[in-house]
Amino acid sequence: MTSPVRADTPALFRYVLRLGDLSLVLGQRLGEWVGHAPALEEELGLANVALDLVGQARLLLTYAGEVEGRGRGEDEIAFLREHGDYLNAILAEQPNGDFGQTIVRQVLVDAFQLELYRSMTTSTDERLAAIAAKSVKEVLYHLRYSSGWLVRLGDGTEESHARVQSALDTLWPYTVELFAEDELDRTMADRGVAPRLSDVHTAWLRHIDEILAEATLQRPEDRPYSWYGKRGQHSEHLGYILAEMQHLQRTYPGARW
Amino acid sequence: MSSVRAESRDPALAPADASVPPAAPVPVDASVPTAQKRLSLAWRALAAVEDPEIPALNIVDLGLIRFVRLQCDGTLDVGLSPTYVGCPATEVIRRSVERALSNAGVGAFALTQVLSPAWTSDWMTPDGRRKLESYGIAPPDRPAASMRDVLRNARPVGCPRCRSTDTECISEFGSTPCKALHRCRTCLEPFEYFKCI
């Protein structure tokens, strides 16, 4: 097993992987809806968001490969890494559940990416600043879509309300990891590469509270957690995602379009 | 892939050999177009490249060409922005641009992907907006002033067929990343709207 992600791996490489893997894994998850969405319009919506996320991941993983300097390109990084080398927060890999649960997960991540990227447009790292400037516009549109649905479902029927509230209760504990600042996050913030996660958290919570109020949903309490996707400790779900996503490259190494 | 070098380099335009004293006169080859000529050839060639998904528009109408400039080494540097980072048309456009510039005989050129400042639908030219509307796609609204606007307040989109503003959004996303689906309540026709981003 190749394990490039060790404590002595350059900090910037690991940090860019965190960003890129979040987009890649969530994009792959959303892609699972193709052929199964409740309506054609929603299938288009989810697939379009997935496409944007994979686009972000391409830019980020290409950059990660350049930072690493070992000649790995975006495809090699996306398709030939192992489970423990993925550094996405584990919220991204949580199952789609029903449409409501997918929408709840999307609102939580969209609002996070919106505030993260918005601050990152002034990053000292010019490449990340450029990627953030491009992505923030798309993410804003994603949040418009996902929050619109959350309001409709939460403030909808008794059944839809109960389902999205239950999805929110299930997924909320995984949001804590997004804002848990570790040494890597701190190093990046100190260098001006990334914003302080506490600032991102404050802004994120403002969006979430506003959306939840309109959706007549209750915000669950934060709880301590014992996972760490950002360091490569994942739930069992990631393995299945990778098996599907990496199958082609591992069966036909070097296959290209 | 922030910078993509084109393979077809014209040897006549290669950088001068460093061993040649700078004062030495550069031999003039009459077959090489002047800088001004190369720039105008390039712009003309670019304006002939259609968007693969909305053929009514060319890539200059869309505001995708950020600059065409002559580098000191004689290379023509062409800045190209993607509309959406995951848009599959981006690759097609890049290849079309390479082909168009090669065929136009602009000499050595290089394509640079420009992400920042990010492309906005506001860069679509007035001509592009007119072409889009007559093609049956409602042109993008002006960018919203604030995030609240974007999240809450979708301003009414005019129907490209009957001009009615009594329209509704059916889906925030459409057949390509850059479009949304709307329907006109007056003439009852569904239509596409070029998203404002």
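**Exercise 1. Find what share of the 197 residues of chain B counts as buried, then describe its fold pattern.**

Step 1. Of the 197 residues of chain B, 35% are buried, where buried stands for 20 or more other C-beta atoms within 10 Å of the residue's own, with C-beta atoms placed from the backbone. A word on the source: this is a predicted model, in which local features need pLDDT of at least 70 and side-chain atom pairs count only at pLDDT 80 or more, while totals for chains, interfaces and linings use all residues. Residues are numbered from 1 along each chain as its sequence is written, and chains are lettered from A and ligands numbered from 1 in the order in which they are written.

Step 2. Now list the elements: chain B holds four helices and eight strands. Helices (H or I, at least four residues) and strands (E, at least two) are DSSP runs, numbered from the N terminus.

Step 3. Follow the sequence and you read β-α-β-β-α-β-α-β-α-β-β-β.

**Exercise 2. Work out which element gives the most to the side of chain A that touches chain B.**

Step 1. Count both sides: 25 residues come from chain A and 19 residues from chain B. Two residues are in contact if their C-beta atoms, placed from the backbone, lie within 7 Å.

Step 2. On the chain A side, the elements giving two or more residues are α2 (40-68) and α5 (126-154).

Step 3. The most comes from α5(A), with 14 residues.

Step 4. Look at α5(A) itself: its 29 residues reach 40 Å from first C-alpha to last, close to the 42 Å expected at 1.5 Å a residue; that expected span is 1.5 Å times one less than the number of residues. The helix α5(A) also bends by about 30° at V136(A), the bend being the angle between axes fitted to the seven residues ending there and the seven starting there.

**Exercise 3. Decide whether I103(A) is buried or exposed, and name what it touches.**

Step 1. Locate I103(A) in helix α4 (residues 99-120) of chain A.

Step 2. I103(A) is buried, because 25 other C-beta atoms lie within 10 Å.

Step 3. Leaving out residues up to four places away in sequence, I103(A) touches S146(A), W149(A), L150(A) and L153(A).

How values were computed. A residue is buried if 20 or more other C-beta atoms lie within 10 Å of its own, exposed if 12 or fewer, and partly exposed in between; C-beta atoms are placed from the backbone.
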